[in-house]
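These are my notebook entries on one protein chain. I looked up its overall form first and then a handful of residues.

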Amino acid sequence: MEQKFGKNSIDIEALREFCEREGKMVEYRKGEQLEREGDPARWFGFVTEGCFKYVTHGISDDKEHITWFSFEGEFAGDYPACLDGGPALTTIEAMVPTRIIRVSGEQLVKRFSQDKKSMDLRCLIAEHLLSQARARYTDLHRATPLERYELLLRRCPGIARHLPLNAIASFLCVTPQQLSRIRKAVTFSEK
């Protein structure tokens with residue numbers, strides 16, 4: 001199978017196996033939502049094909065902002081909100097036809113309450129997500145837009161071929177025009 005996007009940066013084999021054993025394969029068409037911002041979060045899963053974007057809207061301008069992506073080989077969901085049914089902080093939407101092995105937050109809670117090993121897994125997931133969020137926040141402050149683009153390309157080399165320019169620009173916190181100049185500079189520097 002061709003890997004269109006990136007590889008998961010952490011090996012949580014037990015969680016993927018749990019999703020495969022207890023979950024259900026669900027297909028999302030482009031634009032369909034796994035979660036909707038403000039609604040109770042319900043789902044978590046392993047992306048087997050495609051990509052989800054995490055979207056929120058500006059407070060005063062209602063402009064769409066992409067805060068994260070979940071690619072093939074990664075987990076998707078609003079964790080930990082799905083564990084207690086709290087409101088989803090973002091809308092999680094398929095950017096291309098996407099398949100996910102999905103479990104409910106209730107299934108996760110039940111799994112995590114089984115034994116110490118399961119509780120350790122719950123902690124590992126939380127620590128990983130905190131680490132990802134911290135790295136993203138730090139990169140927004142220490143990396144130039146060009147460096148952030150290069151970091152994204154390393155995480156998911158196929159992104160530029162599969163996702164629209166404005167989606168990538170939103171994630172990088174630059175305008176589409178700035179991203180166009182960055183992509184041009186990267187293209188010419190490779191020649």
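**Entry 1: confidence.** I began with pLDDT, the predictor's confidence in each residue, from 0 to 100. The mean pLDDT of the protein chain is 87, and 92% of its residues reach 70 or more. I noted that residues 1-9 stay under 50 in pLDDT, although the model has 29 contacts for them beyond four places in sequence. A contact here means heavy atoms within 4.5 Å.

**Entry 2: ground rules.** The model is predicted, so I recorded that local features need pLDDT of at least 70, that side-chain atom pairs count only at pLDDT 80 or more, and that totals for chains, interfaces and linings use all residues. Residues are numbered from 1 along each chain as its sequence is written, and side-chain values use heavy atoms, with hydrogens and water left out.

**Entry 3: overall form.** I counted 8 helices and 8 strands in the protein chain; helices (H or I, at least four residues) and strands (E, at least two) are DSSP runs, numbered from the N terminus. The radius of gyration is 17 Å, close to the 16 Å of the globule rule for 191 residues, so the chain is as compact as a globular protein of that length. That radius is taken over C-alpha atoms, and the rule is 2.2 Å times the number of residues to the power 0.38. Along the principal axes, the C-alpha atoms fill a box of roughly 55 × 40 × 35 Å.

**Entry 4: contacts and surface.** I looked at contacts between residues at least 6 apart in sequence, and 74% of them join residues at least 24 apart. Buried residues make up 45% of the 191 residues. Buried means under 20% relative accessible area, exposed over 50%, and partly exposed in between (1.4 Å probe, protein chains only). The accessible surface comes to about 10900 Å², and 53% of that belongs to carbon and sulfur atoms. These areas come from the Shrake-Rupley method with a 1.4 Å probe, and for residues only the protein chains shown count as cover.

**Entry 5: charge.** I found 29 positive and 28 negative side chains, with the centres of the two sets 4 Å apart. Lys and Arg count as positive and Asp and Glu as negative, while His and the chain ends are not counted. Each charge is placed at NZ of Lys, CZ of Arg, CG of Asp or CD of Glu.

Entry 6: Glu49 lies in strand S3 and is partly exposed, with a relative accessible area of 31%. Which residues does Glu49 contact, leaving aside its neighbours within four places in sequence? I listed Glu72, Pro97, Thr98 and Arg99. From Glu49 to Val109, 60 residues apart along the chain, the C-alpha separation is 25 Å. Gly50 sits in the loop between strand S3 (43-49) and strand S4 (51-57). Is Gly50 buried or exposed? Its relative accessibility is 2%, and therefore Gly50 counts as buried.

**Entry 7: Gln114.** I placed Gln114 in the loop between helix H3 (105-112) and helix H4 (116-142). Gln114 is exposed, with a relative accessible area of 52%. The C-alpha atoms of Gln114 and Gly50 are 32 Å apart, across 64 residues of chain. Between Gln114 and Val47, 67 residues apart in sequence, the C-alpha distance is 25 Å.

Entry 8: Ser104 belongs to strand S8 (residues 98-104) and counts as buried because its relative accessibility is 11%. Its contacts, apart from neighbours within four places in sequence, are Arg42 and Trp43. Glu13 is in helix H1 (residues 13-22) and is partly exposed at 32% relative accessibility. Glu13 and Ser131 are 118 residues apart in sequence, and their C-alpha atoms are 18 Å apart.

**Entry 9: backbone details.** Where is the cis peptide bond that I noted, with omega about 15°? It joins Tyr79 and Pro80, and Pro80 is in the loop between strand S6 (75-77) and helix H2 (81-84). I also recorded a positive phi, near 55°, for Asp62, a residue other than glycine. Asp62 lies in the loop between S4 and strand S5 (64-71) and is exposed at 55% relative accessibility. Cys173 likewise has a positive phi, near 65°, and is found in the loop between helix H7 (165-172) and helix H8 (176-190).
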